[in-house]
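Dear colleague,

I am passing this structure on to you, and I would be grateful if you could look through it before we next speak. My notes on what was found follow directly after it.

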Amino acid sequence: MSCYLAGRPTSDETGFTFDSASVMKQCALMGNIGAAAYLIGGNDGIILKCANIITYGDASRIQEAEEYLVGRRDDVYFTKKIVNRKSSADDFLLTEGHCEILRYLDKCVFNARKYGEFLSVSTRGNIDPAFASRVCLRAWLSLCRSEKAPHSASGQWLENWLEENMQKDGKVLARAALTHCLLWTEIRNINNEKTVLAESLVAESLGLSSRFLVMIAKKASHGLLSVV
């Protein structure tokens with residue numbers, strides 16, 4: 001019951017003292033990774049949430065997934081036997097995992113409102129939008145690799161979704177975060193140390209078009225210079 005409640009944000013005030021240490025133990029005992037991620041919060045929490053998605057709930061591979069998501073490793077693959085429901089080889093199937101990643105992008109990146117959220121200290125209530133962008137998009141890439149989604153089709157679908165959301169009013173900081181994620185070759189990991197990624201940019205790995213990258217670079221210039 002503790003794990004169930006921990007993983008669900010609520011506006012209702014509880015009638016008891018919340019013992020986070022005890023609840024975390026219950027999460028570990030029950031293997032409720034999602035609830036543990038909500039308890040941890042911050043940058044570490046978003047890593048754990050995405051790690052849970054790309055491992056398909058396999059707790060034994062969470063550490064590998066975390067290292068992959070923060071850019072320490074690229075030689076990690078997660079697979080799941082799925083039923084092929086694609087109508088053709090060029091179709092992209094949006095799975096529940098993809099939808100969950102999109103929700104995190106919307107909440108942590110497209111709802112960024114303050115410059116101070118960037119490069120913020122990782123606490124339960126603070127998530128760096130640029131950091132969240134990279135973690136979520138690397139998680140997206142992992143799902144596409146494990147489910148053998150067509151590279152061009154998945155990239156085009158994601159590009160259309162990102163472009164549609166960036167066209168909305170008040171998304172200056174979101175555009176800055178995504179530009180930093182897609183076009184920069186470094187990341188701040190969970191210890192706030194810079195880690196250089198492999199040769200390819202996140203944008204190249206995802207299969208995003210040059211037109212899209214030029215567009216976000218132009219529109220994000222003011223916000224990016226103000227933040228970085």
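A few words on terms come first: helices (H or I, at least four residues) and strands (E, at least two) are DSSP runs, numbered from the N terminus, and their axes are lines fitted to C-alpha atoms, for helices over the stretch in contact, with angles that run from 0 to 180 degrees between N-to-C directions. Please keep in mind that this is a predicted model, in which local features need pLDDT of at least 70 and side-chain atom pairs count only at pLDDT 80 or more, while totals for chains, interfaces and linings use all residues. Residues are numbered from 1 along each chain as its sequence is written, and side-chain values use heavy atoms, with hydrogens and water left out.

The crossing of the two helices is left-handed, a term used if the near helix is turned anticlockwise from the far one by less than a right angle, whereas clockwise is right-handed. On the H9 side the contact (heavy atoms within 4.5 Å) is made by Arg-175, Thr-179, Leu-182 and Leu-183, and on the H11 side by Phe-212, Leu-213, Ile-216, Ala-217 and Lys-219. Sorted by class, these are six nonpolar, one polar and two charged residues, where Ala, Val, Leu, Ile, Met, Phe, Trp, Tyr, Cys and Pro count as nonpolar, Asp, Glu, Lys and Arg as charged, and the others, Gly among them, as polar.

Another pair is formed by H4 (residues 42-54) and H6 (residues 96-108), whose axes come within 10 Å and cross at roughly 165 degrees. H4 is therefore roughly antiparallel to H6, and H4 passes H6 in a left-handed crossing. The contact is made by Ile-46, Lys-49, Cys-50 and Ile-53 of H4, together with Gly-97, Glu-100, Ile-101, Tyr-104 and Cys-108 of H6, and these residues divide into six nonpolar, one polar and two charged.

Thr-55, in the loop between H4 and helix H5 (62-69), is buried, with a relative accessible area of 6%; buried means under 20% relative accessible area, exposed over 50%, and partly exposed in between (1.4 Å probe, protein chains only). A polar atom of the Thr-55 side chain lies 3.4 Å from the backbone oxygen of Asn-52, and, leaving aside residues up to four places away in sequence, Thr-55 touches Arg-61, Ile-62, Ala-65 and Phe-78.

Arg-134, which lies in helix H7 (residues 129-146), is likewise buried, at a relative accessible area of 2%, and a polar atom of the Arg-134 side chain lies 3.5 Å from the backbone oxygen of His-180.

Asp-44, placed in helix H4, counts as partly exposed at 31% relative accessibility; Asp-44 and Glu-66 are 22 residues apart in sequence and 9.2 Å apart in space, C-alpha to C-alpha.

With kind regards

Key: Polar contact = N/O pair within 3.5 Å; in protein donor to acceptor, adjacent residues only side chain to side chain. Parallel < 35°, antiparallel > 145°, perpendicular 65-115°, else oblique.
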